Amino acid sequence: MRSQLLLLLPIAGALLITGCQKEHFDLKKLSDEVEIHPELVAPLFYGSLNIGDIVEYVDSTGYAHEFDDGLIYLAYSDTVVNVMADSMLEIPNAVYTETFLAPDVDIPEFIESEPGDIVHILKSKFIAIVLEGDDRVDSMRIKGGEILIEIMSSFKHNGYVNISSDQILDSRGNPFFVTLVASDVSGDYENSARVLTDYYFIETFAKGDSNVIQVDFDLALTNSGNPVDPGDICQIDLNFLDMGFYSVFGYIDSRNTFSESGSLEIPFYAENPDLAAVKFADPRIRIKTTNSVGVPSVITLNSVVADGLDGSPVTLEFYEGHPFMVSAPNLTQIGSSVSDEFQINRETSNFDELLAVAPSSLSYDISGSTQQGTGDKSHFALDTSRLIVETEFILPLDLRSTVIALEDTMEFEMVDQGIDTSMVRQVNITLSTVNELPIKLDLQVYLLDEFYQVLDSVFLDNQVLLAASEVDQEGKLILAGEEVNTAIFPVEKLGKLEEIRYLQVHARMNTSEMGSKDVKLYSDYSLDFKLSLYADLIINSREL
């Protein structure tokens, strides 16, 4: 705030001499020097300071907000977890093996065949697709990855193998079908093939206690006339490698999904050390989760520690409501998110004790897992699904304070305002206030020269200029405080006025009842003030 000095200097009056002249009246004895003592009263500045101006000092970075009822609060949010579903759920590499042994081939159909005849030996394998634990996969759309088929055969016959599955569909919806050479008459044969599986679709069916896919193997051997030795074998390995997913549907068993640790800043204290004197009545952390993974989760704060200004640590302890149970979208909400909120406050924890040490940051260790025993057997995850955990520090201005110190410097030059201090005998400066704020103010104004050196002070030291308003037991306004204070500049101090270049304001603020009662600061609370000047002038007629 920069003061605007609005002074109206009246023109001095004229000397009136009436002429009832007498013979003995000597005009030479009449003095031509007359002093006039007019008074000058003018406003220096006036206005209304609402609670937003007080908050602006405390909150220089835009953390202030307003509840529906007008109560001001400070808030700061940060994201501590942002985890994608494909890092919570993984498709492990897996190898599934099918073998054809000598007894499988040395069957009547082959024994009775003639050289050159082709004999088909059929087998099927049921493969349970499991991600982890007791997971159940109903279907999944594969992202990337490959199926590596490796074949080793010791049968001394030319042959090939057909590998197929109606539960594995390619990107066009065609069933999986691959043919590889499987043996030759040398009896020492190896072969392999890679099938890229991006956008392949796998759908399982129930068999017993598992969900499986069926893979069919057709080993076709051309009788070469060689015998089938007892140790002959054809082994086929199906390697499912490096697969991700576009989508997974089924049941996801309990597992750890993430673990994070770090430090959360509390900028209110870091940027405003004076807030250490403030005791907030209802500080909170709001944990907000946004979950588009179709699996309920559990969020656990394993450790939260605040380091106070004196270096002493305080650990967060929960009374209730922890760990946090995070809900999930259901099958009718695929592609959507659901949100939850969890409160950390003085009712659920000792969070008020943490903030009492005025920490500039909180160190934390947080972990997540899927929920156990949800009873919901229909989970899903998309590659775009994610779980976001955000923290929001909320400090309602429901508080008490023993002392908050404020300081500001403003330009102020009386000489530039056209005042001749030699004409001033005495100056009174009066401050009148009507205060709805539950804050008592001890204030001093210092007069500074161009080098910021103190010339003098305006008010008596430790003078209380502003009485706090009265509040009820809930911290709400009952009665505004009214105050009138006057500072006198006698003639011996007036010479310093010409040297003034700046005013420096020092204030010490206490909440109502010397900081012993919690008060609430609402946005419509205001401080109306008027600072006015009264000057007793001396005007000499010779100077007019």
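Two strands pair if DSSP finds at least two bridges between them; helices (H or I, at least four residues) and strands (E, at least two) are DSSP runs, numbered from the N terminus. In this predicted model, local features need pLDDT of at least 70, side-chain atom pairs count only at pLDDT 80 or more, and totals for chains, interfaces and linings use all residues. Residues are numbered from 1 along each chain as its sequence is written, and side-chain values use heavy atoms, with hydrogens and water left out.

An open sheet of 4 strands runs in the order E5-E15-E8-E11, with antiparallel pairing. Strands E5 and E11 (189-196) form the edges with a single partner strand each, so one side of each is left without a neighbour in the sheet. On average, neighbouring strands of this sheet are turned by 15° against each other, direction ignored; the axes are lines fitted to C-alpha atoms, for helices over the stretch in contact, and angles run from 0 to 180 degrees between N-to-C directions. Strand E8 (residues 146-153) pairs with E11 in the antiparallel sense over 8 bridges. Opposite Glu 146 stands Leu 196 in E11.

## Sheet E3-E4-E26-E19-E23

A further open sheet contains 5 strands in the order E3-E4-E26-E19-E23, and its pairing is antiparallel. Its edge strands are E3 (64-66) and E23 (338-344), each pairing on one side only. Neighbouring strands in this sheet are turned by 30° against each other on average, direction ignored.

Strand E3 and strand E4 (residues 72-84) are joined in the antiparallel sense over 3 bridges. Ala 64 has Leu 74 as its bridge partner in E4.

## Aromatic pairs

Rings of Phe, Tyr and Trp (its six-membered ring) pair if their centres lie within 6.5 Å; planes under 30 degrees apart count as stacked, over 60 as edge-to-face and the rest as tilted. By this rule there are 8 aromatic pairs. Tyr 96 and Phe 240 form an edge-to-face pair, at 5.4 Å centre to centre and 85° between the planes. Because Tyr 96 lies in strand E5 (residues 94-101) and Phe 240 in strand E15 (residues 233-241), the pair ties together parts that are 144 residues apart in sequence.

Buried means under 20% relative accessible area, exposed over 50%, and partly exposed in between (1.4 Å probe, protein chains only). Tyr 96 counts as buried at 18% relative accessibility, and Phe 240 counts as buried at 6%. Elsewhere, ring pairs link Phe 318, Phe 324 and Phe 342 into a cluster.

## Charges over rings

A charge sits over a ring if NZ of Lys or CZ of Arg is within 6 Å of the ring centre and within 35 degrees of the ring normal. Lys 123 lies over the face of Phe 100, 5.4 Å from the ring centre. The charged end of Arg 141 is placed over the ring of Tyr 199, 4.5 Å from its centre.

## Leu 441

Leu 441 belongs to strand E30 (residues 439-448). With a relative accessible area of 14%, Leu 441 is buried. Leu 441 and Ala 468 are 27 residues apart in sequence and 7.5 Å apart in space, C-alpha to C-alpha.

## Model confidence

The predictor's confidence in each residue is given as pLDDT, from 0 to 100. The chain averages a pLDDT of 80, and 75% of the residues score at least 70. Over residues 1-37 the pLDDT is below 50, and this stretch has 48 contacts in the model beyond near neighbours in sequence; contact means heavy atoms within 4.5 Å. The pLDDT is also below 50 over residues 539-544, a stretch with 17 contacts beyond near neighbours in sequence.
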